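Please keep the sequence and the coordinates at hand while reading.

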Amino acid sequence: MTTLQPTEIAKFWIQEKVVITNLSQSFYYMSCLGCNKGAQKNYNERFLCLCGYESTATPRARKYAQINDDTGSVSVIMFGHEAEQVLGCYATKIIEYFEEEKNKHIENVINELTTKYWILQIYTDQEKMKTQRYKNFNVYSIEEAKQEEVANSSS
């Protein structure tokens, strides 16, 4: 497996499968509506964020995953719309699933993911990679690949 070591901000378009390997991860976090930064607040609790925005704690989808193809795998993190697209529901629904049947929905998503290919734009910034707690590429854009796109890329 080759390790990507970009020397500056780098963006890549790839078509691969998305694999969730950690079922115990939190698939959402409470965030500020103004800056999307994490907030140690309860759902719908009002607060003044460090960004200066008077906000209401709102769930935002987050998912750590691997993207795999024949050449190897890369660790990625998805936030917001991109994570919701792969998980098949909004962050508010994820909260309900975790309160009711924690892993049932996620297990169904994982089974479905094994049959799908995705077109992703991932990016990284080497300077941020040096300081981040997690060494993941960020998913900037994602959409499910159409069957003809998958067939064309494998021939």
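Two strands pair if DSSP finds at least two bridges between them. Helices (H or I, at least four residues) and strands (E, at least two) are DSSP runs, numbered from the N terminus. The model is a predicted one, in which local features need pLDDT of at least 70 and side-chain atom pairs count only at pLDDT 80 or more, while totals for chains, interfaces and linings use all residues. Residues are numbered from 1 along each chain as its sequence is written, and side-chain values use heavy atoms, with hydrogens and water left out.

Eight bridges join β6 to strand β5 (residues 58-69) in the antiparallel sense. These two strands form a hairpin with two residues between them, and Asp 69 stands opposite Gly 72 of β6. Strand β6 also runs parallel to β8, to which two bridges join it. There, Ile 77 has Asn 138 of β8 as its bridge partner.

A nonpolar core is a set of buried Ala, Val, Leu, Ile, Met, Phe, Trp, Tyr and Cys residues joined through side-chain atoms within 4.5 Å. Buried means under 20% relative accessible area, exposed over 50%, and partly exposed in between (1.4 Å probe, protein chains only). The largest such core has 26 residues, of which Val 18, Val 76, Met 78, Leu 120, Ile 122 and Ile 142 touch the most other members. Two or more residues each come from β5, β6, α1 (80-87), α2 (91-100), α3 (104-113), β7 and β8; the largest share, four residues, is that of α3. Leaving aside residues up to four places away in sequence, the contacts of Val 18 (heavy atoms within 4.5 Å) include Ile 67, Met 78, Val 86, Trp 118, Leu 120 and Ile 142. A second, separate core has seven residues, among them Met 30, Ala 39, Phe 47 and Ala 57.

Helix α1 is mostly covered, with six of its eight residues buried. Those residues are Gly 80, Glu 82, Ala 83, Glu 84, Val 86 and Leu 87.

Aromatic rings come next. Rings of Phe, Tyr and Trp (its six-membered ring) pair if their centres lie within 6.5 Å; planes under 30 degrees apart count as stacked, over 60 as edge-to-face and the rest as tilted. This rule gives three aromatic pairs. One of them is the edge-to-face pair of Phe 12 and Phe 137, with 6.3 Å from centre to centre and 65 degrees between the planes. Phe 12 belongs to strand β1 (residues 10-19) and Phe 137 to strand β8 (residues 137-144), so the pair ties together parts that are 125 residues apart in sequence. Phe 12 is partly exposed at 28% relative accessible area, whereas Phe 137 is buried at 6%.

Tyr 123 and Tyr 140 form another edge-to-face pair, at 5.7 Å centre to centre and 90 degrees between the planes. Tyr 123 lies in strand β7 (residues 118-124) and Tyr 140 in β8, 17 residues apart. Tyr 140 is partly exposed, at 46%. Lys 11 lies over the face of this ring of Tyr 140, 4.1 Å from the ring centre (the criterion is NZ of Lys or CZ of Arg within 6 Å of the ring centre and within 35 degrees of the ring normal).

Most residues other than glycine have a negative phi. Asn 36, however, has a positive phi of about 70 degrees; this residue is found in the loop between β2 (28-31) and β3 (46-48). Asn 44, found in the loop between β2 and β3, has a positive phi near 70 degrees.
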